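I opened this notebook page to record what I looked up in the structure.

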Amino acid sequence: MIYLLFILYCILFCVLITRMKFFTQSGLSKRTLLTLFVLKIFVLIIGCYLNVFYLLVSDSVTFHNMGVEEFHILFQNPHEYFTNIYHSYSAEQYSRLLDTSRSFWNDLRSNLIAKMLSLFDIFSFKSFLINTLFFNFLVFFGLVALYRVFIKIFPGSFIQLILCIFVLPSALFFSSMIHRDGLILLSIGMAIYHSYFMMEDQQYTPRKIGLVVFFLLVIFLLRNFVFITLIPALGAWLLARKFPRHAFLSFVGVYVLVTILFFTSGYISPRTSLPQYVSSRQLSFIEVGKLGNSTIPINTLDPNFKSFLNNLPQAFNHSLMRPYLSEIVSVEYAPFALEIFIIQVLFFIFLFYHKKKIIINPLIYFGVFFSMTMLLVTGYTVPIIGAIVRYRSIYLIFLLIPILCYTDWQKIRTILNINKNII
């Protein structure tokens with residue numbers, strides 16, 4: 001019965017994707033849209049199987065079980081269902097906004113997903129597989145939103161954008177599972193989409209501004225540190241749009257100022273110290289890593305500029321180099337080790353064979369500065385290979401897009417043909 005219902009919902013979503021204006025006006029053909037969505041369905045099926053039958057501990061299954069509990073509360077005690085999300089079980093009540101434990105805000109990010117899944121359960125009969133399908137339909141909006149924006153910047157880069165946005169293995173896999181990453185990718189995509197066209201059309205209507213604020217709020221509630229890193233990137237983007245001739249300097253200026261504010265935030269109050277927050281976050285991950293099987297050594301991060309500077313090479317190494325091909329101890333990490341190796345190769349190809357005349361849209365700077373900041377946060381704080389691979393997955397999209405789209409593939413094809421003739 002569940003498998004039949006799953007197939008029917010698949011057909012329904014495929015029909016919606018070929019009928020809804022948001023998708024049909026993307027510039028992607030119906031065949032392409034269906035192919036990409038079916039690819040996500042295929043990946044989610046594999047992911048569901050792995051989460052249920054292979055992984056000893058699965059966050060996706062945990063979220064699903066929380067959603068089922070909320071589903072029963074909805075029909076047994078509606079008042080509790082609509083009010084328990086506001087309950088704080090911490091002695092600090094609603095403070096400890098940036099804390100990673102014993103915090104209302106830390107619990108809220110999981111409770112929101114549980115509430116969403118409880119509503120899915122009404123239509124899915126509490127099926128983990130069907131709930132994951134519903135989840136992927138939502139995430140697909142964010143992916144198409146990113147494509148609609150970047151195809152305006154790179155109108156001749158259809159294949160490159162498809163590969164970066166829809167087919168990048170780690171982003172495809174982890175955004176297909178019920179977790180915060182997919183919802184954050186959806187929210188980032190929609191926030192960028194509405195911001196870009198609002199600035200392009202010069203139509204700052206309350207509706208469009210409200211949509212941007214809504215998706216930023218979702219990001220804040222799901223992962224507040226992503227929101228914190230997103231704000232300076234958005235501010236620099238707006239400034240660069242106003243001064244397009246000095247776009248790069250606008251980003252550099254904003255990020256220099258933000259760096260100063262970051263390291264001086266503790267002088268206001270110890271509770272507002274952002275370096276202390278990052279350091280505490282690392283300690284939390286180190287404790288979690290003691291129970292994992294993919295933990296790697298990490299230097300202790302103290303809440304001061306010198307420690308952050310000393311740990312910078314290791315942070316980049318962890319977030320942009322690991323796992324190495326040489327350190328694969330389990331088949332599950334092999335695809336991601338190969339992925340990051342291929343990205344590194346593509347980067348070197350870009351350095352030697354990039355297009356001569358490059359016009360860099362401010363959105364490209366936004367993507368690079370924002371994603372590099374997120375990768376740095378990951379590298380500084382996370383000593384677990386599995387977590388690093390998942391956390392960085394959605395941000396690699398913004399690094400890979402300029403690499404592929406600014407590479408002169410025509411020149412490379414010409415060189416290869418010459419070499420082929422010589423041989």
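**Entry 1: Val368**

I looked up the contacts (heavy atoms within 4.5 Å) of Val368 and, setting aside neighbours within four places in sequence, found Phe398, Leu399 and Pro402. Val368 belongs to helix α18; helices are DSSP runs (H or I, at least four residues), numbered from the N terminus. I noted Val368 as partly exposed, at a relative accessible area of 27% (buried is under 20%, exposed over 50%, partly exposed in between, with a 1.4 Å probe and protein chains only).

I recorded that this is a predicted model, in which local features need pLDDT of at least 70 and side-chain atom pairs count only at pLDDT 80 or more, while totals for chains, interfaces and linings use all residues. Residues are numbered from 1 along each chain as its sequence is written, and side-chain values use heavy atoms, without hydrogens and water.

**Entry 2: Pockets**

I took a pocket as an open set of points on a 1 Å grid over the protein atoms alone, where a 1.4 Å probe fits, with protein on both sides within 12 Å along at least five of seven lines; lining residues have an atom within 4 Å of a point.

The largest pocket holds about 1700 Å³, a volume being the space filled by probe spheres set on the points. Its lining has 45 residues, and Val57, Asp59, Gly386, Ala387 and Arg390 lie nearest the centre.

The second largest pocket holds about 940 Å³. Among its 29 lining residues, Val258, Thr259, Phe262, Thr373 and Leu376 are the closest to its centre. Helix α13 contributes the most to this lining of the second largest pocket, with eight residues.

Note on methods
Helix = DSSP H or I, 4+ residues; strand = E, 2+ residues; numbered from the N terminus.
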